[in-house]
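Dear colleague,

Please find below the structure that I am handing over to you. My findings follow directly after it.

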Amino acid sequence: MSGDSAFTGSIPELYDTVLVPMVFQDFADDLAAEVAAADPASVLETAAGTGVVTRTLHRVLPGATITATDLNPAMLVRADHVLPASDSVRWQQADAQELPFEDGAFDAVVSQFGIMFFPDRVRAYAEARRVLRPGARITAAVWGPLEGNEVTLLVEQALAELFPGRTPTFYRRVPFGYTDHDLIRSELEEAGFSDVDVRTVGHVSAPTSADAIALAHCQGTPLANELREGYGDPVQITADVARVLGDRLGGRPFSGPTTAIFFSGVA
């Protein structure tokens, strides 16, 4: 597992307690509503992270069985802490590119903000199609361009000020690096999906302080790994980013546009 996809240490808790309410929950509500519209009895979630979509699906689909998977055990430990496993919710470590499930085992596959981390997306899509029953649908979301996600863009700008000429590249390389609608459509179709729909969805991030924005981004994502390996102590860098953001925001909480790309296809 590379540093870009290693959600370990303090990352899961910060991710879940700060990033999720700041920018994830609104999109999880949208995604879960789309999945629930088909009233599936069995749902597979890939790259479930700390379980924001799982928890939302559990609320809107009380009769369904949800199998939530992720490659990172630490993320699943946090997820199980918040929503303990039960007869209707199962947490399981699994690689989305090699799913340990039988053909046609699920009525729906869902994934939010994880596909960008997959080394081989077409293979992961093909695996999703394999485990779906014929005619069932994959529903997923990835982040839109960084310029349409202002809270993270502010962090990148602060890092550019702190490290001129060598700004950390994690955000543009990975979370905000899979934004081409035509590419998404072609990869789903290459994996065998039909009736593919790709569109942009927007929300506004929850008002958040400069300190919390810096903490969530610099220590609650794998950016922490890049900072540690090439820039210094993430804790000190977090403080520096918070100072830059605080000066820029005048001490006020920040709320700005967020964009995601939603897509779906039929197996």
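In this predicted model, Leu-154, Val-155, Gln-157, Ala-158, Leu-159, Glu-161 and Leu-162 of α5 are in contact with α10 residues, among them Ile-237, Asp-240, Val-241 and Arg-243 (contact means heavy atoms within 4.5 Å; helices are DSSP runs of H or I with at least four residues, strands runs of E with at least two, numbered from the N terminus).

The axes of α5 and α10 (residues 234-249) are 9 Å apart, at an angle of about 110° (axes are lines fitted to C-alpha atoms, for helices over the stretch in contact; angles run from 0 to 180 degrees between N-to-C directions). α5 is therefore roughly perpendicular to α10 (65 to 115 degrees).

Gly-148 lies in the loop between β5 and α5 and touches Pro-257, Thr-258 and Thr-259, leaving aside residues up to four places away in sequence.

Seven strands form an open sheet with mixed pairing, in the order β3-β2-β1-β4-β5-β7-β6 (strands pair if DSSP finds at least two bridges between them). β3 (89-93) and β6 (194-204) each have a single partner strand, so one side of each lacks a neighbour in the sheet.

Residues are numbered from 1 along each chain as its sequence is written. Local features need pLDDT of at least 70, side-chain atom pairs count only at pLDDT 80 or more, totals for chains, interfaces and linings use all residues, and side-chain values use heavy atoms, without hydrogens and water.

Yours sincerely

Terms used
Angles under 35 degrees count as roughly parallel, over 145 as roughly antiparallel, 65 to 115 as roughly perpendicular and the rest as oblique.
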